[in-house]
Amino acid sequence: MSASSSAPARDRLRIAIQKSGRLADPARSLLAACGLSWRQSRDKLFCFGESLPVDLLLVRDDDIPGLIADGVCDLGVVGLNELDEQAKARRRAGLADAYQPLRGLGFGQCRLMLAVPDEWDWQGPAQLAGKRIATSYPAILAAWLQEQGVEAQVVELSGSVEIAPKLGTADLICDLVSSGATLAANQLKPVQTLLDSEAVLAGPVHALDDARAGLMAMLLRRLDGLSKVQDRKLLMFSAAEERVDALARLLPDAEPLLRLPAEGGAVRLQTMCNGALSWQRLEELERAGAQELMVLAVEKSLA
Ligand code: PRT
Ligand code: ZN
């Protein structure tokens with residue numbers, strides 16, 4: 001039975017986010033940028049939505065998939081690594097899928113990787129046969145080993161995975177890596193990626209069938225609007241008519257130049273650019289005849 005059909009109808013959407021940790025602040029900022037605001041309760045575990053009927057539950061990231069599965073929360077912001085691990089563990093236990101990633105959120109990027117002692121000469125997965133691999137992601141690792149047709153021993157640890165080879169409790173590790181500094185500090189080197197991860201908005205596998213459905217659709221549309229304008233900049237400038245074609249050639253990655261009505265001989269122009277517009281690039285445009293250059297960040301879009 002789906003969570004939506006077993007739970008009583010609710011008219012407020014509930015989103016689980018990490019209480020503290022790497023994903024806590026970016027998750028809150030992103031939801032605030034979607035127009036949500038909250039009154040924080042005294043115990044600081046529940047934030048009542050003020051601008052919209054969308055409440056927050058502040059929890060440990062490990063609990064987020066289960067809260068969605070149980071219908072306690074409708075959505076959650078969690079690392080794909082955590083969601084995928086728990087989804088694979090459910091499948092191994094013969095349970096039906098209960099949540100899915102709905103949107104990548106563009107923060108919390110990291111990779112789940114195999115890392116071996118520096119002195120190893122890595123030749124590929126076959127080398128793992130009979131080895132002990134320490135990890136906090138036993139289900140993802142077991143599924144990957146099975147795909148590779150390799151039999152190795154999975155040593156499950158809840159933390160400090162990177163010191164396992166030094167302690168002699170494992171031969172290598174499977175852990176999250178972002179800068180690689182932790183591996184290097186422990187004389188380990190990354191050799192194989194099992195999962196590219198980032199924070200995702202996770203939701204139920206079955207559509208909601210009450211007032212929350214509309215709220216969820218609105219939130220997803222706003223998130224899409226934000227991701228569309230991320231890194232987009234509106235470039236405005238003026239130029240003499242005879243310089244316009246040369247300036248357009250300097251902006252091959254921008255949308256076609258839009259001419260705005262202007263007084264006198266100069267033409268007012270604007271275009272939407274992807275990515276950063278460096279000072280260097282603006283100076284180059286200036287040398288080619290652009291004047292009154294202005295770069296504006298784009299905040300929202302419902303295009
Ligand atoms: O208390 P709670 O259970 O909520 O938090 P937590 O301690 O379990 O999670 P937290 O806040 O550490 O991480 C939350 C999520 O952030 C993870 O599930 C990932 O999706 C994401 N994330 C992004 C990372 C990293 N980057 C990361 N580098 N999570 C952990 N790390 C650790 C990694 O395990 C290793 O110990 O950082 C170390 C490696 O970092 P580098 O930069 O040295 O490579
Ligand atoms: Zn955790």
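The zinc ion (ligand 2) is held at 2.1 Å by Asp61 (OD) and Asp62 (OD). Donors here are N, O and S atoms within 2.8 Å of the metal (3.2 Å for Na, K and Ca), and water is not among the atoms, so sites may look incomplete. This is a predicted model, in which local features need pLDDT of at least 70 and side-chain atom pairs count only at pLDDT 80 or more, while totals for chains, interfaces and linings use all residues. Residues are numbered from 1 along each chain as its sequence is written, chains are lettered from A and ligands numbered from 1 in the order in which they are written, and side-chain values use heavy atoms, with hydrogens and water left out.

**Zinc site**
- The 4 donor atoms around the zinc ion (ligand 2) subtend angles of 71 to 179 degrees, so the arrangement is irregular.
- Four donors count as tetrahedral if all angles lie between 85 and 135 degrees; four count as square planar and six as octahedral if opposite donors are over 155 degrees apart and all others between 65 and 115; anything else is irregular.
- Asp62 has a relative accessible area of 32%, which makes it partly exposed.
- Buried means under 20% relative accessible area, exposed over 50%, and partly exposed in between (1.4 Å probe, protein chains only).

**Domains**
- The chain is assigned domain 1 (13–108 + 199–229), domain 2 (110–196) and domain 3 (233–297).
- These bounds come from an automatic or database domain assignment.
- Between the C-alpha centres of domain 2 and domain 3 the distance is 50 Å.

**Largest pocket**
- The largest pocket holds about 1000 Å³ of space.
- Its lining has 36 residues, and Arg22, Asp61, Asn81, Tyr137 and Leu176 are the closest to the pocket centre.
- On a 1 Å grid over the protein atoms alone, a pocket is an open set of points with protein on both sides within 12 Å along at least five of seven lines, whereas a cavity is a set where a 1.4 Å probe fits but cannot get out; lining residues have an atom within 4 Å of a point.
- Grid points are joined across faces, edges and corners, and a volume is the space filled by probe spheres set on the points.
- Domain 1 and domain 2 both give residues to the lining, so the largest pocket lies between them.
- α4 (80–92), β10 (172–177) and α7 (181–185) each supply at least two lining residues.
- β10 gives the largest share, 4 residues.
- Helices (H or I, at least four residues) and strands (E, at least two) are DSSP runs, numbered from the N terminus.
- By class, the lining has 12 nonpolar, 14 polar and 10 charged residues.
- Ala, Val, Leu, Ile, Met, Phe, Trp, Tyr, Cys and Pro count as nonpolar, Asp, Glu, Lys and Arg as charged, and the others, Gly among them, as polar.

**Positive phi**
- Asp231 is not a glycine, yet has a positive phi of about 70 degrees.
- Asp231 sits in the loop between α8 and β13 (232–240) and is exposed, at 52% relative accessibility.
- Glu292 is not a glycine either, and has a positive phi of about 50 degrees.
- Glu292 belongs to strand β16 (residues 291–297) and is exposed, at 57%.

**Loop residues and C-alpha distances**
- Val205 lies in the loop between β12 (199–203) and α8 (211–229) and is partly exposed, at 33%.
- Val205 and Val191 are 14 residues apart along the chain, with 34 Å between their C-alpha atoms.
- Glu242 is in the loop between β13 and α9 (244–249) and is exposed, at 66%.
- Glu242 and Ser179 are 63 residues apart along the chain, and their C-alpha atoms are separated by 49 Å.
- Ala129 is in the loop between β7 (110–117) and β8 (132–135) and is partly exposed, at 48%.
- Ala129 and Ala152 are 23 residues apart in sequence but 5.2 Å apart in space, C-alpha to C-alpha.
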